[in-house]
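Trainee: Please take a close look at one part of this model for me. I would like the surroundings as well.

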Amino acid sequence: MQVSEAEWTDIEKNIAKTAFDQAYKREIEALLKQVQQEVNSLQQLDDLWQLHDFLSARRHEIEGKYNYQYSALLFVLAGLIKDGWLHTHELEGLAKDKLSKVAALARM
């Protein structure tokens with residue numbers, strides 16, 4: 001189900017990149033809000049170390065998730081939809097077969 005870069009039109013690339021960037025922005029904004037709340041509730045050194053561990057894990061997860069390689073992009077977009085960071089309507093304009101694959105993967 002891999003789709004090479006050559007199989008993406010310039011319009012599709014722009015749609016996918018815009019949607020990808022929007023999902024990233026949403027997730028980072030949510031993370032920042034969560035971290036600000038956590039920082040305000042710090043009371044002990046252990047709380048600080050727990051926050052550090054949480055941030056390390058989230059960094060690893062986010063850096064692994066946001067992979068903008070065309071061969072993996074349908075899987076990435078589907079995962080972002082499944083996680084709630086992206087909405088299907090934000091991919092309108094992609095070829096029907098790509099939209100169908102993303103929708104099917106998001107339901108898994």
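Predicted model: local features only at pLDDT ≥ 70, side-chain atom pairs only at ≥ 80, totals over all residues.

Mentor: Start with Trp 49. Trp 49 sits in helix 2.

Together with Val 39, Leu 42, Leu 45 and Leu 48, Trp 49 makes up a nonpolar surface patch. The accessible area of these residues together is about 450 Å². Helix 2, residues 45-65, contributes the most to this patch, with three residues.

Now follow helix 2 to Arg 58. Arg 58 has 13% relative accessibility, so Arg 58 counts as buried. The cut-off is under 20%. Which residues does Arg 58 touch, leaving aside neighbours within four places in sequence? The contacts are Glu 27 and Leu 31.

Helix 4 spans residues 96-107, twelve residues in total. From first C-alpha to last, helix 4 reaches 17 Å, close to the 16 Å expected at 1.5 Å a residue. Its buried residues are Lys 98, Val 102, Leu 105 and Ala 106. These four cover an arc of only 100 degrees around the axis, so they lie on the same side of helix 4. That buried set packs against helix 1 (10-40) and helix 3 (73-83). Lys 96 and Arg 107 are exposed on the other side of helix 4.

Definitions and conventions: Residues numbered from 1 in each chain as written. Heavy atoms only, no water. Patch = residues over 30% accessible without salt bridge, like charges linked within 9 Å, V, L, I, M, F, W, Y side chains within 5 Å. Areas by Shrake-Rupley, 256 points an atom, 1.4 Å probe, with all protein chains shown as cover. Salt bridge = Lys/Arg side-chain N within 4 Å of Asp/Glu carboxyl O. Helix = DSSP H or I, 4+ residues; strand = E, 2+ residues; numbered from the N terminus. Expected span 1.5 Å × (residues − 1). Buried < 20%, exposed > 50% of the residue type's maximum accessible area, 1.4 Å probe, protein only. Arc of directions from axis to C-beta. Contact = heavy atoms within 4.5 Å.
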